[in-house]
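This report concerns the packing of a single protein model. Please consult the sequence and coordinates alongside the text.

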Amino acid sequence: MLRYNILLMDADDTLFDFHKAEAVSLAATLTALGIEPSDLAIRLYSKINAALWREFEQGKVTKPFLQQARFGRLFEQLGVDADTGAAKRLYGENLAECAFLLPGAEALCRRLVEMGCRLYLATNGISIVQHRRLEKSPLKAYMSDIFVSEDIGTQKPNIKYYQYIFDKISLIDKSQALMVGDSLTSDMAGGLRAGLDTCWYNPGHLAVEGLQPLYEIAALEDLFAIVEGREGNDDSKTI
């Protein structure tokens with residue numbers, strides 16, 4: 001008997017290779033705007049984007065503001081005059097075509113479904129982009145549904161995001177479900193607030209800050225032992 005048969009799976013940097021998608025999409029966008037897609041530009045954008053997404057998780061900015069401001073701030077720091085509206089549009093179109101997966105992600109989802117699990121993609125990304133990327137991905141065959149914050153009207157880690165999912169999938173017994181993701185501030189904090197067990201995907205062996213997920217894994221395949229309830233008896237439950 002499985003310890004968990006319902007898994008809420010984060011998308012970017014848990015199953016999808018977002019860093020690769022971001023770099024490829026940004027390079028194509030900058031090139032189309034006549035801007036050199038240098039390593040510096042890509043690094044700056046990634047830093048700006050990550051900071052804005054943290055503010056979005058905290059409810060400090062809206063998603064439309066985030067989508068526009070990240071390019072405005074990038075162009076300002078690069079000292080170039082470019083159309084932020086065009087950049088927003090082009091980047092979204094490019095990113096929607098980038099369905100790169102992390103190594104082992106497809107095998108993970110296939111095996112979990114074979115074991116009898118129901119998988120749901122739970123993401124804060126841009127709705128049209130995330131739906132398109134899933135459609136282009138082999139993961140589509142294994143996901144029972146996708147829940148995007150933009151469609152729901154609230155985002156991880158807000159408990160309302162999770163309550164929406166619980167209602168949609170008719171989840172009564174939360175002990176059957178596990179939240180899996182790479183973000184402490186979004187996936188883990190949100191799962192804990194919603195009363196779910198949480199599994200932190202931490203391939204970089206980062207230090208825990210402020211909260212303690214129930215499980216921690218460094219490789220996707222380590223999730224099998226947790227789902228089957230054979231993760232070991234140590235207090236940390238780190239695999």
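## Basis of the values

The model is predicted: local features require pLDDT of at least 70, side-chain atom pairs count only at pLDDT 80 or more, and totals for chains, interfaces and linings use all residues. Residues are numbered from 1 along each chain as its sequence is written, and side-chain values use heavy atoms, with hydrogens and water left out.

## Nonpolar cores

A nonpolar core is here a set of buried Ala, Val, Leu, Ile, Met, Phe, Trp, Tyr and Cys residues joined through side-chain atoms within 4.5 Å. Buried denotes under 20% relative accessible area, exposed over 50%, and partly exposed the range in between (1.4 Å probe, protein chains only). The largest such core comprises 33 residues, and Leu 7, Leu 15, Leu 112 and Leu 223 have the most contacts inside it. Elements giving two or more residues to this core include β1 (6-9), α5 (105-115), β2 (118-123) and α10 (223-227); helices (H or I, at least four residues) and strands (E, at least two) are DSSP runs numbered from the N terminus. The largest share, five residues, comes from α5.

Leaving aside neighbours within four places in sequence, Leu 15 is in contact (heavy atoms within 4.5 Å) with residues including Met 9, Leu 108, Leu 121 and Met 143. A second, separate core has 26 residues, among them Ala 21, Ile 48, Val 61 and Ala 69.

## Helix α8

Helix α8 spans residues 159-169, where Tyr 161, Tyr 162, Ile 165, Phe 166 and Ile 169 are buried. These buried residues fall within an arc of 135° seen down the axis of α8, so they line one face of the helix; the arc is that of the directions from the helix axis to the C-beta atoms. On the other side of α8, Lys 160, Asp 167 and Lys 168 are exposed. The cover over the buried residues of α8 includes β1, β2, β3, α7 (149-152), β4 and α9 (184-193).

At the N-terminal end, Asn 158 caps α8, with a side-chain oxygen 2.8 Å from the backbone nitrogen of Lys 160. Just after α8, Ser 170 adopts a positive phi of about 55°.

## Asn 94

Asn 94 lies in helix α4 (residues 84-96) and is partly exposed, with a relative accessible area of 22%. Apart from neighbours within four places in sequence, Asn 94 is in contact with Ser 25, Ala 28 and Thr 29. Asn 94 and Val 129 are 35 residues apart in sequence and 9.0 Å apart in space, C-alpha to C-alpha.

Terms used:
A polar contact is a pair of N or O atoms within 3.5 Å; within protein, one must be able to donate a hydrogen and the other to accept it, and residues adjacent in sequence count only if both atoms are side-chain atoms.
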